[in-house]
Amino acid sequence: MSAAPAGHARASFDLKSASLPLITVVLKTPNLATLSQELQARFGETPDFFDEDPAVIVLTQIAQDPTPLSFSVLLTLLKHYRLRPFGIHGGSLAHKETAAAVGLMDLPEISSSAVAVPGDAPAPAPVPAPAAAPAVAAPASGTMVIDRPLRSGQQVYARGCDLIVLQVVNFGAEIIADGNIHVYAPLRGRAIAGARGNTDARIFSTCMEAQLISIAGIYRTSEVALPADVLGKPAQVRLAGESLVLDPI
């Protein structure tokens, strides 16, 4: 049987560049026990927050720390929360050698379009979640509508879209959206907008009494009282640089 003419041969594959959204896990301590406790505190009640997302472990802030870092334990911990690390960014020579031993690539340059996962404990004032490189995620499309009250312990995640809630979000409930959040009722629980890095996302409520508000990883808790012109009144939350801004409506 003769071979097909070269001019008519079909290639068995193509090579093209690709751009992928990444989660950047920015470590601020090599103490994995502390990291485990804080991941549990932030994501223990939202097991579906991550969805087998590719992740990069950023080590720039602990590059000078001589404390050994067990990457095998770190990988197990992150995979428990449905993150899939495939590389590191920054760190010391020892970090790079031990990371390579467990199959993690050294990535000198990365670009992240998703929220970073900090390794430090939440502070009462607005705190930015550091990212390895500045980027803005694409706005979410579509809308999820919830027309029932949300009680303590309930959680709703509008993946890839905006979220509208028509009833009260009680203390201890949590609402999450990749886009904007609109609550046409008292907002007393936790509201997390722009959950995957959309810095243009906003939070709106006709009665702002939130336990926690967050946009693109920058958050504020009720330990810092809301301003008098916002508390219990119609208000919006937006991001200005690395600070949350609360405006009366």
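Val169 is in contact (heavy atoms within 4.5 Å) with Leu150, Ile175, Val183, Pro186, Leu187, Arg188 and Gly189, leaving aside its neighbours within four places in sequence. The model is predicted: local features need pLDDT of at least 70, side-chain atom pairs count only at pLDDT 80 or more, and totals for chains, interfaces and linings use all residues. Residues are numbered from 1 along each chain as its sequence is written, and side-chain values use heavy atoms, with hydrogens and water left out.

- Val169 sits in the loop between strand E8 (162-165) and strand E9 (174-177). Helices (H or I, at least four residues) and strands (E, at least two) are DSSP runs, numbered from the N terminus.
- Val169 counts as buried because its relative accessibility is 0%. Buried means under 20% relative accessible area, exposed over 50%, and partly exposed in between (1.4 Å probe, protein chains only).
- Leu187 is one of the contacts of Val169. The two residues are 18 apart along the chain, and their C-alpha atoms are separated by 5.0 Å.

**Whole protein**

- The protein has 3 helices and 16 strands.
- It contains 249 residues, of which 46% count as buried.
- Take the contacts between residues at least 6 apart in sequence: 47% of them join residues at least 24 apart.
- The accessible surface of the protein comes to about 12,600 Å², and carbon and sulfur atoms hold 55% of it. Accessible areas come from the Shrake-Rupley method with a 1.4 Å probe; for residues, only the protein chains shown count as cover.

- Arg82 is not a glycine, yet its phi is positive, at about 65 degrees. Arg82 is in the loop between helix H2 (71-80) and strand E3 (83-89). Its relative accessibility is 24%, so Arg82 counts as partly exposed.
- Ala216 is a residue other than glycine with a positive phi, near 50 degrees. The loop between strand E13 (212-215) and strand E14 (218-221) holds Ala216. Ala216 counts as buried because its relative accessibility is 13%.

**Cysteines**

- A search of the whole structure finds 0 disulfides. A disulfide is a pair of cysteine sulfur atoms within 2.5 Å.
- Cys161 has 10% relative accessibility, so it counts as buried.
- Cys207 has 14% relative accessibility and therefore counts as buried.
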